[in-house]
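Colleague: I should like to learn how to read the features of a structural model, one at a time. May we begin once the structure is in view?

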Amino acid sequence: MVPDELDLNHIRLTDRPLIVCDIDEVVLEFLTPFRNFLRSSGCDLLPRSFRLHGNVVDLDSGIPVENAMTSELLETFFRLQDQWQTPADLAVDTLAGLSTDADIIFLTAMPPRYTGVRRSLLDRHGLRYPLLASEEPKGPIIKRLHDARDVPLVFIDDILRNLQSVHTHAPDCLLINLMANAEFRAMAPDPGNGIAKADSWTDVAAIIRAHLLR
């Protein structure tokens, strides 16, 4: 279920294709700035597996911190994100090019209480597309957004469960798996059939253009 408090009233769609795009590790760098933030806080993020919890360690001892502490550090990072995060390579220009032919909406899996600081951060970099923040599954949200519109739908995300959720609720959607950090991307699970894999925003643009021109 999509919670009632997720307000879609500010979203205005045209009759063009719709591109729904995740933000962290897709539009904005996340893992690299998060690691820099952790180091400033006496911790580090080790690329040992495709997860955060268990890979955040004390900088001096190398001992993993408790999961609760990782969650607290992540919360603080979201609160201070505008001091750390920057756009992923080519994200700004690629989205600007795609926006000439499609509507673009950002859907971020982030606590909604940080929507204001994220909005300011995105605007600073010229990423002035509508923003939705929710910790709920993304599939039902995108189904509600797209409804029964007879135009192409594209979803870009770095996390497999989000792509699978959208596939369940919007099976005709073009799904693209993109992750900015190459080190962690190499450890990510294979998205499998039905999900296009991109290594860069150049790849994303080519995949979308080919899909729209079919």
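**Reading helices, sheets and rings**

Modeller: Helix 2 has 13 residues, which at 1.5 Å a residue should span 18 Å, and its end C-alpha atoms lie 19 Å apart, which agrees. The expected span of a helix is 1.5 Å times one less than its number of residues. Helices (H or I, at least four residues) and strands (E, at least two) are DSSP runs, numbered from the N terminus. The model is a predicted one, in which local features need pLDDT of at least 70 and side-chain atom pairs count only at pLDDT 80 or more, while totals for chains, interfaces and linings use all residues. Residues are numbered from 1 along each chain as its sequence is written, and side-chain values use heavy atoms, with hydrogens and water left out.

Colleague: Which residues of helix 2 are buried?

Modeller: Buried means under 20% relative accessible area, exposed over 50%, and partly exposed in between (1.4 Å probe, protein chains only). In helix 2 the buried residues are Thr-70, Leu-73, Leu-74, Phe-77 and Phe-78. They cover an arc of only 140° around the axis, which puts them on the same side of helix 2; the arc is that of the directions from the helix axis to the C-beta atoms. Ala-68 and Glu-72 are exposed on the other side of helix 2.

Colleague: Against which elements do the buried residues of helix 2 pack?

Modeller: Their partners are helix 1, strand 2 (43-45), strand 3 (56-58) and helix 4 (115-124). Contact means heavy atoms within 4.5 Å. Leaving aside neighbours within four places in sequence, Thr-70 is in contact with Leu-52, His-53, Val-56 and Val-65.

Colleague: How many aromatic pairs are there?

Modeller: Rings of Phe, Tyr and Trp (its six-membered ring) pair if their centres lie within 6.5 Å; planes under 30 degrees apart count as stacked, over 60 as edge-to-face and the rest as tilted. By this rule there are 10 aromatic pairs. One of them joins Phe-37 and Trp-84 edge-to-face, at 5.8 Å centre to centre and 75° between the planes. Phe-37 lies in helix 1 (residues 31-40) and Trp-84 in the loop between helix 2 (67-79) and helix 3 (91-98), so the pair ties together parts that are 47 residues apart in sequence. Phe-37 counts as buried at 4% relative accessibility, whereas Trp-84, at 26%, counts as partly exposed.

Colleague: In what order do the strands of the open sheet stand?

Modeller: Two strands pair if DSSP finds at least two bridges between them. Six strands form the open sheet in the order 5-4-1-6-7-8, with parallel pairing. Strand 5 (131-133) and strand 8 (196-198) are the edge strands, each pairing on one side only. Strand 1 and strand 4 (residues 103-108) run parallel and are joined by four bridges. Leu-18 stands opposite Asp-103 in strand 4.

Colleague: Where do Glu-25 and Leu-90 lie?

Modeller: Glu-25 lies in the loop between strand 1 (18-21) and helix 1, and Leu-90 in the loop between helix 2 and helix 3. Glu-25, although not a glycine, has a positive phi of about 70°. Leu-90, also a residue other than glycine, has a positive phi near 70°. Glu-25 is buried, with a relative accessible area of 1%, while Leu-90 is partly exposed at 39%.
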